[in-house]
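Below is a short report on one protein model.

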Amino acid sequence: SFPTLHDCDPGSDDAITLLTLLGRPDVNLLGVSTTHGNAPLSATTHNARALLKLAGRENVPVYAGALNPLVREPVYAPQIHGVSGLGGVPLPSPNVPVRSEHATLTLIRQLCAQPGEITLLATGPLTNLALAERLRPGVLKEAKQIIIMGGSLENGAPRLGNTTPRAEFNAYADPHAFDVVLKAGAKLALIGLNLTRQVQVTRARAQQLAAVGTAAAQTCAALLDDYLDRIGKLGQTVGALHDPCTAALMLSQELFEWEEARVDILTDSGKRLGETVQVDGEPNVQLVTGADEAGIYALVAEALGRLP
Ligand code: BDR
Ligand code: CA
């Protein structure tokens, strides 16, 4: 089984990731930690709790984390995820309160309690992870693997960024935290836009999930439709299934290709803030470079089919 922590900022694609994890009998979800990101922390935390309610799994603890990035001012993504983080998609009202422990302290406590065992999925800005590393240097090395959705690398990509011309949202939203995590010496897998653009979001994919029939699957389909509506207004017809690729990589490595790489992030203020760059030197990440789009959707659909 997979002992897992999910650090997230739901976020439509974070939501699909969390529900996919909840639908897998082989995932032991030890907690959900939340961060500022797509929406303010209060909204992302509310959304995480509502998703657990939808899945009938309010026993999974939710820990609220960083209100703000380490250094820069917060940036949100209402144009992609709506002001609430989950567009206009209705969800049940959560009942169980947020745990009193801060997300950063949870990460430290749980990673130290089971060294080398836990996979940490990070699908938002990396503030909570960086704070953990600052408080307890070396703690991120205690994870079995940290799978990050963030950044974007060349790999022949015609387009790099989604927030600035060359910066991805999670990297841009807290570049200083991203830098701390890249330098932590931990076992990192990096899933950037260069990868997630290979896993397209289309109306047909939304219909594929809706046809699964469970409330969870229909909610995910509605989230994809809402996302397509929003990016449509920005002139895009095809989206990318970013965050669920982290769960899919943990669960089915055979769906992916990767290579060892050295990745840095630019943290000087200015136009290039938050850009990730591949450089020469000691590898610090497994840079995920290829994905089986149909296989990833099949994995997500199968998991959503097991939920209410
Ligand atoms: C990332 O940014 C967020 O908007 C998504 O949830 C994803 O984590 C993609 O750049
Ligand atoms: Ca996210």
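Which elements do the buried residues of α4 pack against? They pack against β1, β2 (27-34), β3 (62-64) and α5 (127-135). The buried residues in helix α4 (residues 103-113) are Ala103, Thr104, Thr106, Leu107, Ile108, Gln110 and Leu111. Buried means that 20 or more other C-beta atoms lie within 10 Å of the residue's own; exposed means 12 or fewer, partly exposed is in between, and C-beta atoms are placed from the backbone.

This is a predicted model, in which local features need pLDDT of at least 70, side-chain atom pairs count only at pLDDT 80 or more, and totals for chains, interfaces and linings use all residues. Residues are numbered from 1 along each chain as its sequence is written, while chains are lettered from A and ligands numbered from 1 in the order in which they are written.

**Overall fold**

The protein has 12 helices and 11 strands. Helices (H or I, at least four residues) and strands (E, at least two) are DSSP runs, numbered from the N terminus. The C-alpha trace spans about 50 × 45 × 35 Å along its principal axes. A compact globule with 308 residues would have a radius of gyration near 19 Å; the protein has 17 Å, which agrees. That radius is taken over C-alpha atoms, and the globule rule is 2.2 Å times the number of residues to the power 0.38.

Buried residues make up 55% of the 308 residues. Among contacts between residues at least 6 apart in sequence, 81% join residues at least 24 apart. Two residues are in contact if their C-beta atoms, placed from the backbone, lie within 7 Å.

**Helix pairs**

| Helix pair | Axes come within | Crossing angle |
|---|---|---|
| α1 (residues 12-22) and α10 (residues 215-233) | 9 Å | roughly 160° |
| α9 (residues 203-210) and α12 (residues 293-304) | 9 Å | roughly 30° |
| α5 and α7 (residues 175-182) | 8 Å | roughly 55° |

Axes are lines fitted to C-alpha atoms, for helices over the stretch in contact, and angles run from 0 to 180 degrees between N-to-C directions. Angles under 35 degrees count as roughly parallel, over 145 as roughly antiparallel, 65 to 115 as roughly perpendicular and the rest as oblique. A crossing is left-handed if the near helix is turned anticlockwise from the far one by less than a right angle, and right-handed if clockwise.

Take α5 and α7. At roughly 55°, α5 is oblique to α7. The crossing is left-handed. Thr127, Leu129, Ala130, Glu133 and Arg134 of α5 make the contact with Ala177, Val180 and Val181 of α7. By class, these are 5 nonpolar, 1 polar and 2 charged residues. Ala, Val, Leu, Ile, Met, Phe, Trp, Tyr, Cys and Pro count as nonpolar, Asp, Glu, Lys and Arg as charged, and the others, Gly among them, as polar.

Next, α1 and α10. They are roughly antiparallel to each other. Their crossing is left-handed. On the α1 side, Ser12, Ala15, Ile16 and Leu19 meet Ala216, Cys220, Leu223, Asp226 and Tyr227 in α10. This contact divides into 7 nonpolar, 1 polar and 1 charged residues.

Last, α9 and α12. They cross at roughly 30°, which makes α9 roughly parallel to α12. This crossing is right-handed. Arg205, Gln208 and Leu209 in α9 meet Tyr297, Ala301 and Leu304 in α12. The classes are 4 nonpolar, 1 polar and 1 charged.

**Burial of α11**

How many of the 8 residues of helix α11 (residues 244-251) are buried? The count is 7, so α11 is largely enclosed by the rest of the structure. Pro244, Cys245, Thr246, Ala247, Ala248, Leu249 and Met250 are the buried ones.

**Single residues**

Most peptide bonds are trans. A cis peptide bond joins Pro10 and Gly11, with omega about -5°. Gly11 sits in the loop between β1 (2-8) and α1.

Thr44 lies in helix α2 (residues 41-54). Thr44 is buried, with 27 other C-beta atoms within 10 Å. Leaving out residues up to four places away in sequence, Thr44 touches Asp9, Pro10, Gly11, Thr34, Thr35, Gly37, Asn38, Ala39 and Gly85.

Asp229 belongs to helix α10. Asp229 is exposed, with 12 other C-beta atoms within 10 Å.
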